[in-house]
Amino acid sequence: MLSTHGEDILIFIQDFETSSRDYLQSKGLSENEMTNAYLDLQWNFLHTILKQQATQRKNSQLIIHCS
């Protein structure tokens, strides 16, 4: 069974998928274009998360070294 945190993450991802698809449909993209654009959105989303994690780790290391 998933934890509440895990469920929250799944809901967030589902919301991202739905809102991304709605956004791309509103732009009038064809199904093929939408697939490619959606992959680009996912890729950018993943890189944003990874950058934030790296920044958080770097900041926490600075705090540890400064203490």
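The model is a predicted one, in which local features need pLDDT of at least 70 and side-chain atom pairs count only at pLDDT 80 or more, while totals for chains, interfaces and linings use all residues. Residues are numbered from 1 along each chain as its sequence is written, and side-chain values use heavy atoms, with hydrogens and water left out.

Two helices and zero strands are found in the protein; both kinds of element are DSSP runs numbered from the N terminus, with helices (H or I) needing at least four residues and strands (E) at least two. Of the 67 residues, 10% are buried, where buried means under 20% relative accessible area, exposed means over 50%, and partly exposed covers the values in between (1.4 Å probe, protein chains only).

The whole structure contains two aromatic pairs, a pair being two rings of Phe, Tyr or Trp (its six-membered ring) with centres within 6.5 Å; planes under 30 degrees apart count as stacked, over 60 as edge-to-face and the rest as tilted. In one of these pairs, F16 and F45 are stacked, with 4.3 Å from centre to centre and 15° between the planes. This pair brings together distant parts of the chain, since F16 belongs to helix α1 (residues 4-26) and F45 to helix α2 (residues 31-66), 29 residues apart. F16 has 18% relative accessibility and therefore counts as buried, whereas F45, at 23%, counts as partly exposed. Together with F12, the residues F16 and F45 make up one aromatic cluster.

The structure holds one salt bridge, defined as a side-chain nitrogen of Lys or Arg within 4 Å of a carboxyl oxygen of Asp or Glu. The partners are R21 and E31, whose closest N and O atoms are 3.2 Å apart. This pair, too, links distant parts of the chain, with R21 in helix α1 and E31 in helix α2, ten residues apart. The side chains of R21 and E31 are also joined by a polar contact of 3.2 Å; such a contact is a pair of N or O atoms within 3.5 Å, and within protein one must be able to donate a hydrogen and the other to accept it, with residues adjacent in sequence counting only if both atoms are side-chain atoms. R21 is partly exposed at 37% relative accessibility, and E31 is partly exposed at 48%.
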